[in-house]
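Here's a walk through the ligand site of this model and the residues that line it. Have the structure open and follow along.

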Amino acid sequence: MSVQSAVRRLTAPDIRAKKGGEPIVSLTAYHAHTARLIDPHVDFMLVGDSLGMVMHGMETTVPVTVDMMILQGQAVMRGSARALVVVDLPFGSYEGSPQQAFATAARVLKESGAGAVKLEGGRRMAETVRFLADRGVPVMGHVGLTPQAINTLGSFKALGRDEASAALILDDARSIADAGAFSIVLEAISEPLARQITQEVAPPTIAIGGSPACDGQILVLEDMLGLSDRVPRFVKKFAEIGPAIGAAVEAYASEVRARSFPGPEHVYAPKKG
Ligand code: KIV
(Lines give C-alpha, C1' and ligand atoms only; values in the text may rest on other atoms or scores of the structure.)
Protein backbone atom coordinates (compact mmCIF):
# COMPACT_ATOMS: atom_id res chain seq x y z
CA MET A 1 0.00 0.00 0.00
CA SER A 2 1.39 3.38 -0.84
CA VAL A 3 1.73 5.79 2.05
CA GLN A 4 0.35 9.25 1.33
CA SER A 5 0.57 12.24 3.59
CA ALA A 6 -2.74 12.67 5.47
CA VAL A 7 -2.72 16.39 4.73
CA ARG A 8 -2.62 17.42 1.09
CA ARG A 9 -0.74 20.63 0.48
CA LEU A 10 -2.39 23.38 -1.51
CA THR A 11 -1.00 23.66 -5.03
CA ALA A 12 -0.52 26.47 -7.53
CA PRO A 13 -3.71 25.39 -9.39
CA ASP A 14 -5.61 25.56 -6.05
CA ILE A 15 -4.45 29.16 -5.62
CA ARG A 16 -5.27 29.93 -9.26
CA ALA A 17 -8.82 28.58 -8.70
CA LYS A 18 -9.42 31.06 -5.87
CA LYS A 19 -9.77 33.98 -8.32
CA GLY A 20 -12.76 36.10 -7.33
CA GLY A 21 -13.57 33.96 -4.28
CA GLU A 22 -12.78 34.31 -0.59
CA PRO A 23 -9.61 36.43 -0.27
CA ILE A 24 -6.32 34.50 -0.45
CA VAL A 25 -4.28 34.84 2.76
CA SER A 26 -0.50 34.78 2.61
CA LEU A 27 2.58 35.82 4.57
CA THR A 28 6.32 35.49 4.16
CA ALA A 29 8.14 32.76 6.11
CA TYR A 30 11.86 32.08 6.30
CA HIS A 31 12.15 29.58 9.17
CA ALA A 32 10.68 26.23 10.20
CA HIS A 33 9.24 27.59 13.46
CA THR A 34 7.43 30.57 11.91
CA ALA A 35 6.22 28.33 9.06
CA ARG A 36 4.72 25.97 11.66
CA LEU A 37 2.91 28.85 13.38
CA ILE A 38 1.38 30.35 10.24
CA ASP A 39 0.66 27.11 8.31
CA PRO A 40 -2.90 26.62 9.67
CA HIS A 41 -3.90 30.18 8.74
CA VAL A 42 -2.48 30.92 5.28
CA ASP A 43 -3.16 29.61 1.77
CA PHE A 44 0.44 30.07 0.71
CA MET A 45 3.65 31.22 2.31
CA LEU A 46 6.37 33.02 0.42
CA VAL A 47 10.04 32.43 1.10
CA GLY A 48 10.71 35.97 -0.05
CA ASP A 49 14.09 37.36 -0.95
CA SER A 50 13.19 40.06 1.60
CA LEU A 51 14.96 37.59 3.91
CA GLY A 52 18.18 39.33 2.84
CA MET A 53 17.01 42.53 4.51
CA VAL A 54 14.88 41.04 7.33
CA MET A 55 17.12 38.14 8.46
CA HIS A 56 20.54 39.29 7.33
CA GLY A 57 20.37 43.09 7.67
CA MET A 58 21.21 43.72 4.00
CA GLU A 59 20.33 47.15 2.56
CA THR A 60 18.52 45.62 -0.44
CA THR A 61 17.55 42.20 -1.82
CA VAL A 62 20.21 42.40 -4.56
CA PRO A 63 22.94 40.36 -2.76
CA VAL A 64 20.61 37.41 -1.97
CA THR A 65 21.79 34.11 -3.54
CA VAL A 66 20.02 31.00 -4.82
CA ASP A 67 21.70 28.94 -2.07
CA MET A 68 20.18 31.23 0.60
CA MET A 69 16.72 30.81 -0.92
CA ILE A 70 17.04 27.02 -1.10
CA LEU A 71 18.25 26.72 2.51
CA GLN A 72 15.33 28.76 3.88
CA GLY A 73 12.90 27.08 1.48
CA GLN A 74 13.91 23.69 2.93
CA ALA A 75 13.35 25.02 6.48
CA VAL A 76 9.89 26.35 5.58
CA MET A 77 8.93 23.07 3.91
CA ARG A 78 9.98 21.14 7.03
CA GLY A 79 7.90 23.45 9.23
CA SER A 80 4.71 23.33 7.16
CA ALA A 81 2.33 20.70 5.85
CA ARG A 82 -0.73 22.43 4.39
CA ALA A 83 0.04 25.72 2.69
CA LEU A 84 1.63 26.09 -0.74
CA VAL A 85 5.25 27.21 -0.39
CA VAL A 86 6.49 29.66 -3.02
CA VAL A 87 10.20 30.56 -3.25
CA ASP A 88 11.52 33.80 -4.76
CA LEU A 89 14.13 33.56 -7.52
CA PRO A 90 16.78 36.08 -6.44
CA PHE A 91 18.29 38.88 -8.52
CA GLY A 92 20.68 37.69 -11.22
CA SER A 93 19.48 34.09 -11.20
CA TYR A 94 16.83 34.27 -13.95
CA GLU A 95 16.84 37.48 -15.97
CA GLY A 96 19.58 36.43 -18.43
CA SER A 97 17.44 34.06 -20.50
CA PRO A 98 14.47 31.70 -20.20
CA GLN A 99 16.99 28.82 -20.09
CA GLN A 100 18.83 30.39 -17.14
CA ALA A 101 15.48 30.90 -15.38
CA PHE A 102 14.48 27.27 -15.99
CA ALA A 103 17.79 25.94 -14.64
CA THR A 104 17.44 28.05 -11.47
CA ALA A 105 13.74 27.30 -10.97
CA ALA A 106 14.28 23.55 -11.47
CA ARG A 107 17.09 23.59 -8.89
CA VAL A 108 14.94 25.55 -6.42
CA LEU A 109 11.95 23.20 -6.79
CA LYS A 110 14.07 20.01 -6.63
CA GLU A 111 16.26 21.06 -3.67
CA SER A 112 13.68 22.91 -1.54
CA GLY A 113 10.61 20.79 -2.30
CA ALA A 114 8.53 23.98 -2.73
CA GLY A 115 5.56 24.04 -5.10
CA ALA A 116 6.17 27.24 -7.07
CA VAL A 117 8.61 30.08 -7.71
CA LYS A 118 8.11 33.84 -7.88
CA LEU A 119 9.99 36.23 -10.14
CA GLU A 120 9.88 39.99 -10.58
CA GLY A 121 9.10 41.87 -13.79
CA GLY A 122 6.30 42.37 -16.29
CA ARG A 123 6.44 42.52 -20.10
CA ARG A 124 10.22 41.96 -20.14
CA MET A 125 9.75 38.64 -18.26
CA ALA A 126 6.67 37.37 -20.18
CA GLU A 127 8.65 35.09 -22.49
CA THR A 128 10.38 33.56 -19.45
CA VAL A 129 7.11 33.07 -17.58
CA ARG A 130 5.70 31.20 -20.61
CA PHE A 131 8.90 29.12 -20.96
CA LEU A 132 8.73 28.02 -17.32
CA ALA A 133 4.97 27.45 -17.21
CA ASP A 134 5.18 25.28 -20.35
CA ARG A 135 7.86 23.15 -18.67
CA GLY A 136 6.11 22.38 -15.39
CA VAL A 137 7.22 25.32 -13.26
CA PRO A 138 4.33 27.24 -11.64
CA VAL A 139 5.26 30.94 -11.71
CA MET A 140 3.94 33.70 -9.49
CA GLY A 141 4.56 37.09 -11.09
CA HIS A 142 5.42 40.33 -9.28
CA VAL A 143 4.80 43.79 -10.80
CA GLY A 144 4.55 47.39 -9.59
CA LEU A 145 7.37 48.08 -7.17
CA THR A 146 9.95 45.38 -7.87
CA PRO A 147 12.59 45.68 -5.12
CA GLN A 148 15.26 43.78 -7.07
CA ALA A 149 15.32 46.75 -9.50
CA ILE A 150 16.18 49.21 -6.70
CA ASN A 151 19.38 50.31 -8.46
CA THR A 152 17.42 51.50 -11.50
CA LEU A 153 14.30 52.65 -9.60
CA GLY A 154 16.35 54.70 -7.11
CA SER A 155 13.90 54.31 -4.19
CA PHE A 156 11.19 52.08 -2.74
CA LYS A 157 8.36 54.57 -3.40
CA ALA A 158 4.87 53.64 -4.64
CA LEU A 159 4.28 53.48 -8.40
CA GLY A 160 1.37 53.76 -10.82
CA ARG A 161 0.12 57.01 -9.36
CA ASP A 162 0.08 58.89 -12.67
CA GLU A 163 -1.46 57.82 -15.96
CA ALA A 164 1.75 56.94 -17.78
CA SER A 165 3.15 54.82 -14.97
CA ALA A 166 -0.25 53.14 -14.38
CA ALA A 167 -0.47 52.19 -18.07
CA LEU A 168 2.96 50.53 -17.95
CA ILE A 169 2.07 48.49 -14.86
CA LEU A 170 -1.28 47.44 -16.34
CA ASP A 171 0.57 46.27 -19.45
CA ASP A 172 3.10 44.40 -17.26
CA ALA A 173 0.34 42.58 -15.39
CA ARG A 174 -1.53 41.69 -18.60
CA SER A 175 1.67 40.38 -20.22
CA ILE A 176 2.57 37.92 -17.48
CA ALA A 177 -1.06 36.91 -16.95
CA ASP A 178 -1.28 36.03 -20.66
CA ALA A 179 2.08 34.22 -20.41
CA GLY A 180 0.69 31.81 -17.81
CA ALA A 181 1.51 33.19 -14.35
CA PHE A 182 -0.75 31.38 -11.84
CA SER A 183 -1.02 34.51 -9.70
CA ILE A 184 0.51 38.00 -9.57
CA VAL A 185 1.84 40.03 -6.64
CA LEU A 186 1.03 43.74 -6.98
CA GLU A 187 3.41 45.76 -4.80
CA ALA A 188 2.99 49.42 -3.75
CA ILE A 189 0.71 50.66 -6.50
CA SER A 190 -2.24 53.04 -6.41
CA GLU A 191 -5.57 51.62 -5.25
CA PRO A 192 -7.61 52.19 -8.43
CA LEU A 193 -4.87 50.60 -10.55
CA ALA A 194 -4.71 47.49 -8.32
CA ARG A 195 -8.49 47.21 -8.53
CA GLN A 196 -8.45 47.58 -12.34
CA ILE A 197 -5.72 44.96 -12.80
CA THR A 198 -7.66 42.56 -10.55
CA GLN A 199 -10.76 43.02 -12.69
CA GLU A 200 -8.89 42.60 -15.98
CA VAL A 201 -6.48 39.69 -15.49
CA ALA A 202 -7.42 36.02 -15.18
CA PRO A 203 -5.01 34.94 -12.40
CA PRO A 204 -5.60 36.08 -8.82
CA THR A 205 -3.81 39.24 -7.70
CA ILE A 206 -2.04 39.34 -4.33
CA ALA A 207 -1.60 42.81 -2.88
CA ILE A 208 1.19 44.18 -0.74
CA GLY A 209 0.28 47.84 -0.80
CA GLY A 210 -2.47 47.38 -3.41
CA SER A 211 -6.20 47.32 -2.77
CA PRO A 212 -8.73 45.40 -0.67
CA ALA A 213 -10.31 44.60 -4.04
CA CYS A 214 -7.34 42.34 -4.89
CA ASP A 215 -7.88 38.58 -4.74
CA GLY A 216 -5.53 38.22 -1.76
CA GLN A 217 -3.10 39.97 0.55
CA ILE A 218 0.48 39.33 1.64
CA LEU A 219 2.70 41.00 4.24
CA VAL A 220 6.20 40.36 5.50
CA LEU A 221 5.60 38.40 8.75
CA GLU A 222 8.20 40.30 10.78
CA ASP A 223 6.66 43.64 9.70
CA MET A 224 3.12 42.74 10.76
CA LEU A 225 4.38 41.30 14.07
CA GLY A 226 6.09 44.56 15.00
CA LEU A 227 9.65 43.22 14.72
CA SER A 228 10.84 45.70 12.09
CA ASP A 229 11.99 49.23 13.02
CA ARG A 230 10.67 51.04 9.95
CA VAL A 231 7.77 49.75 7.85
CA PRO A 232 6.08 51.05 4.69
CA ARG A 233 2.64 52.70 4.81
CA PHE A 234 0.92 49.52 3.60
CA VAL A 235 1.93 47.54 6.71
CA LYS A 236 -0.50 47.15 9.60
CA LYS A 237 1.15 45.91 12.79
CA PHE A 238 -1.13 43.18 14.11
CA ALA A 239 1.16 42.72 17.17
CA GLU A 240 4.14 44.39 18.89
CA ILE A 241 6.39 41.38 19.41
CA GLY A 242 9.61 43.48 19.33
CA PRO A 243 9.08 45.17 22.74
CA ALA A 244 7.89 41.84 24.22
CA ILE A 245 11.19 40.21 23.16
CA GLY A 246 13.16 43.13 24.61
CA ALA A 247 11.30 42.80 27.96
CA ALA A 248 11.83 39.01 28.09
CA VAL A 249 15.57 39.34 27.38
CA GLU A 250 15.89 42.12 29.98
CA ALA A 251 14.21 39.87 32.62
CA TYR A 252 16.49 36.95 31.64
CA ALA A 253 19.61 39.13 31.90
CA SER A 254 18.70 40.44 35.33
CA GLU A 255 17.87 36.94 36.67
CA VAL A 256 21.17 35.55 35.34
CA ARG A 257 23.08 38.43 36.96
CA ALA A 258 21.18 37.92 40.25
CA ARG A 259 21.79 34.10 40.02
CA SER A 260 18.02 33.55 40.40
CA PHE A 261 17.95 31.77 37.02
CA PRO A 262 18.34 28.84 36.68
CA GLY A 263 16.18 27.87 39.69
CA PRO A 264 16.11 24.42 41.32
CA GLU A 265 13.41 23.30 38.85
CA HIS A 266 15.77 23.90 35.92
CA VAL A 267 18.80 21.90 37.15
CA TYR A 268 19.46 18.14 37.09
CA ALA A 269 19.74 16.27 40.37
CA PRO A 270 22.22 13.34 40.50
CA LYS A 271 20.73 9.88 39.88
CA LYS A 272 19.83 8.07 43.11
CA GLY A 273 21.65 4.82 43.96
O1 KIV B 1 10.42 39.14 -0.87
C2 KIV B 1 9.29 39.39 -0.43
O3 KIV B 1 9.03 39.37 0.79
C4 KIV B 1 8.26 39.72 -1.40
C5 KIV B 1 6.98 40.26 -0.86
C6 KIV B 1 7.18 41.70 -0.62
C7 KIV B 1 5.83 40.01 -1.77
O8 KIV B 1 8.46 39.61 -2.56
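## The annotated active site

UniProt, in an unreviewed entry, lists Glu187 under "active site"; its positions are given in the numbering used here, feature names are shortened, and annotations may be inferred rather than shown by experiment. Before going further: this is a predicted model, where local features need pLDDT of at least 70, side-chain atom pairs count only at pLDDT 80 or more, and totals for chains, interfaces and linings use all residues. Residues are numbered from 1 along each chain as its sequence is written, and side-chain values use heavy atoms, with hydrogens and water left out.

Glutamate 187 sits in strand 6 (residues 183-187); helices (H or I, at least four residues) and strands (E, at least two) are DSSP runs, numbered from the N terminus. Is glutamate 187 buried or exposed? Its relative accessible area is 10%, so glutamate 187 is buried (under 20% relative accessible area; exposed is over 50% and partly exposed in between, with a 1.4 Å probe and protein chains only). Skipping neighbours within four places in sequence, its contacts (heavy atoms within 4.5 Å) include His142, Pro147, Ile208 and Phe234. With histidine 142, glutamate 187 makes a side-chain to side-chain polar contact of 2.9 Å. That term means a pair of N or O atoms within 3.5 Å; within protein, one must be able to donate a hydrogen and the other to accept it, and residues adjacent in sequence count only if both atoms are side-chain atoms.

## The binding-site residues

Under "binding site", the unreviewed UniProt entry lists Asp49, Ser50, Asp88 and Lys118. They span 70 residues in sequence, but no two of their C-alpha atoms are more than 12.4 Å apart, so they gather at one spot.

Start with serine 50, in the loop between strand 2 (44-47) and helix 3 (51-54). Serine 50 is buried, at 16% relative accessible area. Beyond four places in sequence, serine 50 is in contact with Thr28, Tyr30, Thr61 and Val220. With tyrosine 30 there's also a polar contact between side chains, at 2.7 Å.

Aspartate 88 belongs to strand 3 (residues 84-88) and is buried too, with a relative accessible area of 2%. Not counting residues up to four places away, aspartate 88 touches Leu46, Val47, Gly48, Asp49, Met69 and Lys118. Its side chain also reaches the backbone nitrogen of aspartate 49, at 2.8 Å.

## Around the ligand

Which residues are around the ligand? They are Thr28, Leu46, Gly48, Asp49, Ser50, Asp88, Lys118, His142, Glu187, Ile208 and Val220, each with a heavy atom within 4 Å of it. By class, that shell has three nonpolar, four polar and four charged residues (Ala, Val, Leu, Ile, Met, Phe, Trp, Tyr, Cys and Pro count as nonpolar, Asp, Glu, Lys and Arg as charged, and the others, Gly among them, as polar).

Now for the distances. An N or O atom in the side chain of serine 50 is 2.5 Å from an oxygen atom of the ligand. For aspartate 49, a polar side-chain atom lies 3.1 Å from a ligand oxygen, and the side chain of aspartate 88 also has an N or O atom 3.1 Å from an oxygen of the ligand. On its own the ligand has 260 Å² of accessible area, and the protein covers 95% of that (Shrake-Rupley method with a 1.4 Å probe; for residues, only the protein chains shown count as cover).
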